[in-house]
Amino acid sequence: CEWQREGELALEQGNATLARTFFANALQKTSAVRCRLSLVRAELALGLCDRALRTTREVIKQDANASEAYVLRALALFYSADLDQAHKHLKAALRLDPDDAEAGRTMKKVRKLERHVDAAKQAAFSRNFEDAAREYTQALETASAPQHAPLSASLYADRAATWLRLKDFDATLKDCAVAIYAQDDCTRAFVTRASALHHLGRHNEALQMLEGLMQTFGQDTQVSAAYKRAQFEVRKERRPDYYALLAVPSVASTLEIKAGYKQRALECHPDKNCETEEARAAAEAQFKLLGEALEVLSDDVKRKLYNEGYDKAAIEERVQAANRAASNHDKDGCCRGGGCS
């Protein structure tokens with residue numbers, strides 16, 4: 001019909017969206033397999049793998065000898081990053097028609113992509129991340145997948161993780177953006193992007209991104225862990241620098257910390273800074289911070305937690321939790337004899 005011819009022409013010209021419209025119109029008048037599979041080709045060109053998989057399954061169920069349906073289903077599986085199943089369906093297509101040129105070309109592409117992906121994973125496992133990045137780049141070139149295909153998202157996310165290990169954070173962010181644009185539920189890309197943002201000191205940006213992601217993927221362990229890290233980094237960034245407040249180095253001894261406190265307390269005492277109400281209020285706030293700094297840095301446990309990046313509130317939470325655990329341990333009775341063995 002006319003819609004079918006127009007759709008095929010649009011597809012040849014690279015306009016898959018228009019072709020899809022023409023084929024959909026044609027299917028309102030016919031349910032011919034040719035028209036249905038033409039629609040599948042347009043959908044695959046747009047990366048709409050789920051719809052293509054449903055249609056090809058239905059066609060194969062109706063006609064187990066429809067070799068073209070096997071080839072197109074293999075392409076849909078390929079673009080869905082299921083290389084094993086793509087391989088199996090191509091073998092089935094070639095059994096039905098050993099001379100099917102499209103099946104043969106696609107089989108070669110699947111095998112070549114498998115080699116590049118395996119090489120990339122092996123290189124990453126061996127911590128040879130430069131080689132891994134090159135292999136993922138070749139994999140992307142080999143795949144030539146539609147922009148919104150899951151395979152595109154997967155490969156870009158994998159390469160982004162490799163760039164991250166190479167500390168090329170700009171490249172990491174670019175590949176993450178492409179992966180997320182391809183599939184907006186590509187959580188790996190979001191998590192990798194958050195790590196890159198942390199390395200660049202953009203902690204609040206990472207937190208804002210992950211807050212939105214948590215609403216949908218809060219049960220995902222990687223997303224949850226990334227969100228907790230972002231919260232931690234933001235709180236760490238906002239906390240006062242106790243060492244700078246006391247004008248002592250981070251390796252200062254307890255005696256040096258106390259001496260630093262005394263010196264700074266004399267300088268910042270509210271009674272010495274009472275020219276105006278504003279000056280006195282500022283001095284009182286600074287004096288309070290000096291007290292916090294002394295409290296935390298003169299206590300070995302609290303200082304260790306502070307050095308690990310925790311702010312005062314988090315330090316207090318952890319100390320209280322440790323005290324409760326110790327108290328419960330004693331109540332259990334295992335230490336009544338003078339100590340646990």
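Biologist: Which backbone nitrogen does a side-chain oxygen of Asp100 reach at the start of helix 7?

Modeller: The backbone nitrogen of Glu102, with the Asp100 oxygen coming to within 3.1 Å. Bear in mind that this is a predicted model.

Biologist: Okay, and how many residues does helix 7 have?

Modeller: Helix 7 runs over residues 101-125, which gives 25 residues. From first C-alpha to last it reaches 36 Å, close to the 36 Å expected at 1.5 Å a residue.

Biologist: Which residues of helix 7 are buried?

Modeller: Glu102, Ala103, Thr106, Met107, Val110, Leu113, His116, Val117, Ala120 and Ala123.

Biologist: And what covers the buried residues there?

Modeller: The cover includes helix 3 (33-45), helix 5 (67-79), helix 6 (83-96), helix 8 (129-143) and helix 9 (150-165).

Biologist: What follows helix 7?

Modeller: Arg127 does, and its phi is positive, near 65 degrees.

Biologist: Switching to Thr56. Is it buried or exposed?

Modeller: Thr56 is buried, at a relative accessible area of 0%. Its place is in helix 4, residues 49-62.

Biologist: So what does the side chain of Thr56 reach?

Modeller: The backbone oxygen of Leu53, at 3.1 Å. Leaving out residues up to four places away in sequence, Thr56 touches Leu37, Val40, Ala69, Leu72 and Arg73.

Biologist: New topic, salt bridges. How many are there in the whole structure?

Modeller: A search finds 21. One of them pairs the side chains of Glu8 and Arg34, at 2.6 Å, N to O. Glu8 sits in helix 1 (residues 2-12) and Arg34 in helix 3, so this pair ties together parts 26 residues apart in sequence.

Biologist: Is Arg34 buried or exposed?

Modeller: Exposed, with a relative accessible area of 53%. Glu8 is partly exposed, at 25%.

Biologist: What about Arg134 and Asp131, where do they lie?

Modeller: Both lie in helix 8, 3 residues apart, about one turn of the helix.

Biologist: Last one: which residue does Lys312 form a salt bridge with?

Modeller: Glu295, the closest N and O atoms being 3.9 Å apart. Lys312 is in helix 18 (residues 312-331) and Glu295 in helix 16 (residues 277-297), so the pair ties together parts 17 residues apart in sequence. Glu295 and Lys312 are also linked with Lys302 and Glu316 in a network of salt bridges.

Conventions
Residues numbered from 1 in each chain as written. Predicted model: local features only at pLDDT ≥ 70, side-chain atom pairs only at ≥ 80, totals over all residues. Heavy atoms only, no water. Helix = DSSP H or I, 4+ residues; strand = E, 2+ residues; numbered from the N terminus. Buried < 20%, exposed > 50% of the residue type's maximum accessible area, 1.4 Å probe, protein only. Polar contact = N/O pair within 3.5 Å; in protein donor to acceptor, adjacent residues only side chain to side chain. Contact = heavy atoms within 4.5 Å. Expected span 1.5 Å × (residues − 1). Salt bridge = Lys/Arg side-chain N within 4 Å of Asp/Glu carboxyl O.
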